[in-house]
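The sequence and the model come first.

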Amino acid sequence: MKISQKLFLAFIGLTSIVLIATLSLARWSFDQGFVNYIHSLEEERLHTLSNSFSSLYGQSGQSWDNVSVQQLNTLLRVFSADPLKLVTNGDRKLPPRPLFVDAIKGVDSGPEERVRRGPPPHLRDARKAGPPRRLGPPTSIYNPAGERLAGDAFDDIDGSISMPVLYNDEVVATLYSNPIFEVNSISAKAFAKQQIWTSIWIGLLCLSLAIIISWLLARVLLMPVREVVKGISHLSKGNYSERFNLDRQDELGLLMNDIDHLAVTLENTRSAKNRWFADISHELRTPLSILCGEIDAIKAGIRPFNQQQLTSLEQEVMRIKHLVDDLYQLSLSDVGGLKYQFESLNITQCINETLLSLEDKISEKDIAVSFTADEPIFITGDAMRLRQLLANVILNSVAYTDSPGRLSIDLITEKERLLIVFNDTKPSVDVSECELLFDPLHRQDSSRVRRNNGAGLGLTISRNIVEAHEGLISARPSNLGGLCIEIVLPLQKES
């Protein structure tokens with residue numbers, strides 16, 4: 001299965017789970033809120049009914065014995081407002097009281113008033129008016145002793161809604177009403193069914209929108225991934241010139257930048273490999289061509305085979321041997337195959353010994369070397385490899401310095417490191433090419449060209465030796481007019 005399909009299904013699955021959970025919780029919350037709403041309405045009804053009974057209690061001599069059960073049941077069944085509270089609002093007269101209130105109180109309103117208002121509700125024709133309408137669930141009233149005065153009897157009075165009847169801040173009775181936990185009326189069931197279907201249609205609509213949005217998101221989010229796959233495909237086919245043009249600041253953008261950097265590195269490595277093969281072929285072809293030419297000349301009798309010709313052939317063979325040795329040393333240093341035996345050594349003595357071994361070559365080139373260091377400076381390193389490092393740097397300076405010339409070697413200690421500075425006279429090197437001197441077989445187009453039989457691998461080997469000693473080597477134009485090579489090595493730690 002493709003990543004796009006997995007991502008699409010993940011979006012749909014997550015949306016479906018969230019949608020089902022949201023609709024279920026919304027339905028549950030609606031049911032609970034609806035029941036709580038009905039309960040709150042019932043509490044408001046009981047509160048108003050409590051005020052009516054409180055007024056009736058006060059007008060009946062503050063005793064329930066003066067109130068009949070029929071009067072209490074009538075008030076419980078047909079109660080629709082606060083019929084017993086006498087309220088005035090300035091000069092404004094309220095509507096006349098219902099006759100059933102007069103009946104409860106035992107007051108005769110007179111024949112004219114009875115004719116105008118009509119018979120009380122409990123005496124009206126049942127065929128016309130029907131049975132008294134109950135406003136709310138079954139309700140009953142109990143006195144403070146727990147005896148039921150009127151209303152319906154409850155099996156579990158503790159689970160009912162209660163409301164005290166207060167008269168002068170004293171509980172004179174308690175109203176009880178059965179709470180409604182389920183709405184079983186036809187209209188309520190129809191309303192609940194309508195809500196369920198509405199939720200289903202809303203869920204289907206949201207799911208459809210989620211499918212469309214998930215498909216679009218999967219395409220948009222996977223677009224850079226496809227670009228990455230395409231770029232890696234180009235790299236695997238050897239096409240290192242392709243670059244990503246998308247400017248992104250997220251993780252995919254970092255991945256694209258790394259792939260671009262990898263492509264540049266691979267392209268440079270391929271170019272370096274091709275240049276390496278070309279340079280090695282050139283370095284080997286030159287002495288081999290000379291050898292073949294001289295041997296052909298000797299075979300043809302053009303040149304006599306004497307000591308001079310033998311010396312010439314030996315020089316070309318030694319040139320090839322020197323190149324092969326340098327290549328071998330470079331390959332060992334690149335793969336970490338050079339063996340190092342670190343020990344405490346005096347770098348001052350090591351430089352003097354190296355200069356003494358190269359005295360003949362330095363004299364032949366007429367190069368004046370200045371090095372004075374009286375105090376011994378100790379470092380931790382491999383004596384043989386450090387002599388090889390010093391010899392490579394000194395011979396490089398001798399080979400590329402005009403005669404007569406000068407080479408200055410200085411030792412500078414700074415805190416926990418040692419600086420070995422080599423300065424020679426002209427010609428110099430451009431600043432842009434200074435770091436390229438440490439690349440294998442690097443060729444310069446300036447006046448400081450190769451002037452001996454070396455292959456240009458000495459400084460490359462020197463850099464590997466310095467890095468093995470946890471140091472640094474760099475090149476820059478010298479203040480003497482030539483090249484300055486600076487080597488930084490750590491000093492020996494005091495025990």
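This is a predicted model: local features need pLDDT of at least 70, side-chain atom pairs count only at pLDDT 80 or more; totals for chains, interfaces and linings use all residues.

Just after helix α12, Glu470 takes a positive phi of about 60°. Helix α12 itself spans residues 458-468, and its buried residues are Leu459, Thr460, Ile461, Ser462, Asn464, Ile465 and Val466.

**Backbone geometry**

Most residues other than glycine have a negative phi, and most peptide bonds are trans. Gln62, which is not a glycine, has a positive phi of about 55°. Gln62 sits in the loop that links α1 (3-59) with α2 (69-78). With a relative accessible area of 45%, Gln62 is partly exposed. Asp169 is another residue that is not a glycine and has a positive phi, here about 60°. The loop that holds Asp169 runs between β3 (161-167) and β4 (170-177). Asp169 has a relative accessible area of 77% and is therefore exposed, the limit for that class being over 50%.

Two cis peptide bonds can be described in a like way. One joins Ser403 and Pro404, with omega at about -10°. Pro404 belongs to the loop between α11 and β8 (405-414). Another cis peptide bond, with omega at about 10°, joins Lys426 and Pro427. Pro427 belongs to the loop between β9 (417-425) and α12, the helix that Glu470 follows.

**Helices α9 and α11**

On the α9 side, the contact is made by Cys350, Ile351, Glu353, Thr354 and Leu355; on the α11 side, by Ala383, Leu386, Arg387, Leu390, Ala391 and Ile394. By class, these residues comprise 8 nonpolar, 1 polar and 2 charged.

The burial pattern of α9 can be set beside this contact. Buried in α9 are Ile347, Thr348, Cys350, Ile351, Thr354 and Leu355. Seen down the helix axis, the buried residues of α9 fall within an arc of 160°, so they line one face of the helix. On the other side of α9, Leu356 and Ser357 are exposed. An α-helix has 3.6 residues a turn, so residues three or four places apart point the same way.

Thr348 lies in α9, and Gln309 lies in α8 (residues 307-334). Leu313 is also found in α8. The table gives their relative accessibility.

| Residue | Relative accessibility | Class |
|---|---|---|
| Gln309 | 10% | buried |
| Leu313 | 14% | buried |
| Thr348 | 4% | buried |

Each value falls in the buried class because buried means under 20% relative accessible area.

What does Gln309 touch, not counting residues up to four places away in sequence? The residues are Glu294, Ile298, Arg303 and Pro304. With neighbours within four places in sequence left aside, Leu313 is in contact with Leu291, Glu294, Ile295 and Ile298. The C-alpha atoms of Leu313 and Leu288 are separated by 9.9 Å, and the two residues are 25 residues apart along the chain.

Thr348 touches Phe371, Ala373, Glu375, Pro376, Ile377 and Leu411, with residues up to four places away in sequence not counted. Thr348 is also one of the buried residues of α9.

**The protein as a whole**

The protein has 12 helices and 11 strands. Of its 495 residues, 35% count as buried. Among contacts between residues at least 6 apart in sequence, 67% join residues at least 24 apart.

Key. Residues are numbered from 1 along each chain as its sequence is written. Side-chain values use heavy atoms; hydrogens and water are left out. Contact means heavy atoms within 4.5 Å. Helices (H or I, at least four residues) and strands (E, at least two) are DSSP runs, numbered from the N terminus. Ala, Val, Leu, Ile, Met, Phe, Trp, Tyr, Cys and Pro count as nonpolar, Asp, Glu, Lys and Arg as charged, and the others, Gly among them, as polar. Buried means under 20% relative accessible area, exposed over 50%, partly exposed in between (1.4 Å probe, protein chains only). The arc is that of the directions from the helix axis to the C-beta atoms.
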